[in-house]
Structure formats: C-alpha cells, structure tokens
Amino acid sequence: MSLAYGKNRNVALPPNVNRILLVKNLPFKITSEEMYDLFGKYGAIRQIRMGSEQKTRGTAFVVYEDIYDAKEACDHLQGFNVMGRYLVVLYFQPHHRSKKPDLPKEEERVEQLRRQFQSMGNDEYELD
C-alpha cells in the first residue's frame, strides 16, 4: 500500500477516478516486466493487460489494488516519456465507450419519426 496520500486517504475522490487505468501510446517493444516496474512504483498492481493485436498494440490496462495508488500513478505518469513516447494515462470508464452510430438504423429512425410527425397533421412544419 502506497503512502502517497498519507493522512488524506479519507479525501473524497472525483467520480471518474477508479482502480483501472487505460494507458495509450506505449512503445510496441515495452515488456510486461517493464510495465510492472514502471507502474509498480505507485502501489500494488492486481493485473496488467497489454494489447497484442493490431488495433490494440501500444495500449494497456493497469489494475491497482487501491484506488489511491491508481490516482497517484495517473497523476505522475501522464505525459511521462518512455522509450521516446509520451504516455497517455486515463481512468478507464466502461460506460463511456465510444459507440459508432449505426447510420442506416438512425436514418430509418428519423424517417419513422418524420412519418409519425406528419401523420399527426403537422404537415405545415418543415423538418429539414
């Protein structure tokens, strides 16, 4: 357990802070041992998952045992230079995943609403 927050461990943290960090812009050649050395300085790590496929290379999830250790690591390692690359360290937010809209489905929904609106006798209003 890290003593970084010492007596302030009872301080309320912002709602976006959690134990899981999303790390981007990692060098492709970094090893898991180097990741444990780098992130382990800030507290006990439960797990590190590094991206291994084409779309996920250069990213990792770092899960800490303690939320305060995760905050300390995020604060100190954001923008840290590793092998010539500057790290981007964020708190993982599973409910904020970027969803790509299904364009044909959205167009159909808009058209359905347009027909519904016009069937209500509101033909004089222009929707476009």
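Helices here are DSSP runs of H or I with at least four residues, and strands are DSSP runs of E with at least two, both numbered from the N terminus. With that in hand, trace the protein chain from its N terminus: the elements run β-α-β-β-α-β-β-β-α, which comes to three helices and six strands.

Before you start clicking, note that this is a predicted model, in which local features need pLDDT of at least 70 and side-chain atom pairs count only at pLDDT 80 or more, while totals for chains, interfaces and linings use all residues. Residues are numbered from 1 along each chain as its sequence is written, and side-chain values use heavy atoms, with hydrogens and water left out.

**Stop 1: the whole chain**

Show the surface first. The protein chain exposes about 9400 Å² (Shrake-Rupley method, 1.4 Å probe; for residues, only the protein chains shown count as cover), and carbon and sulfur atoms supply 52% of that area. Of the 128 residues, 30% are buried, where buried means under 20% relative accessible area, exposed means over 50%, and partly exposed lies in between (1.4 Å probe, protein chains only).

**Stop 2: the sheet**

Now select β2, β3, β1 and β6. Together they form an open sheet of four strands in the order β2-β3-β1-β6, with antiparallel pairing; two strands pair if DSSP finds at least two bridges between them. The edge strands, each pairing on one side only, are β2 (45-50) and β6 (88-91). From one strand to the next, the twist averages 20° (axes are lines fitted to C-alpha atoms, for helices over the stretch in contact, and angles run from 0 to 180 degrees between N-to-C directions).

Zoom in on residues 20-24, which are β1: this strand and β6 pair in the antiparallel sense over four bridges. Here Lys 24 stands opposite Val 88 in β6. Which residues lie on the covered face of β6, and which on the uncovered one? Val 89 and Tyr 91 are on the covered face, whereas Val 88 and Leu 90 are on the uncovered one.

**Stop 3: the helices on the sheet**

Select residues 32-40 to find α1, which lies across β1, β2 and β3 (60-64) and runs at about 135° to β2.

Return to α1 and show its side chains. Its buried residues are Met 35, Leu 38 and Phe 39. They sit on the same side of α1 because they cover an arc of only 85° around the axis, taken from the directions from the helix axis to the C-beta atoms. Glu 33 and Asp 37, on the other side of α1, are exposed. The cover over the buried residues includes β1, β2, β3, α2 and β4 (81-82).

**Stop 4: two loop residues**

Finish with Asn 25, in the loop between β1 and α1. Asn 25 is not a glycine, yet has a positive phi of about 65°; at 27% relative accessibility, Asn 25 counts as partly exposed. Then pick Met 83, in the loop between β4 and β5 (85-86). Met 83 has a positive phi of about 50° although it is not a glycine, and its 47% relative accessibility makes Met 83 partly exposed.

Methods:
Contact = heavy atoms within 4.5 Å.
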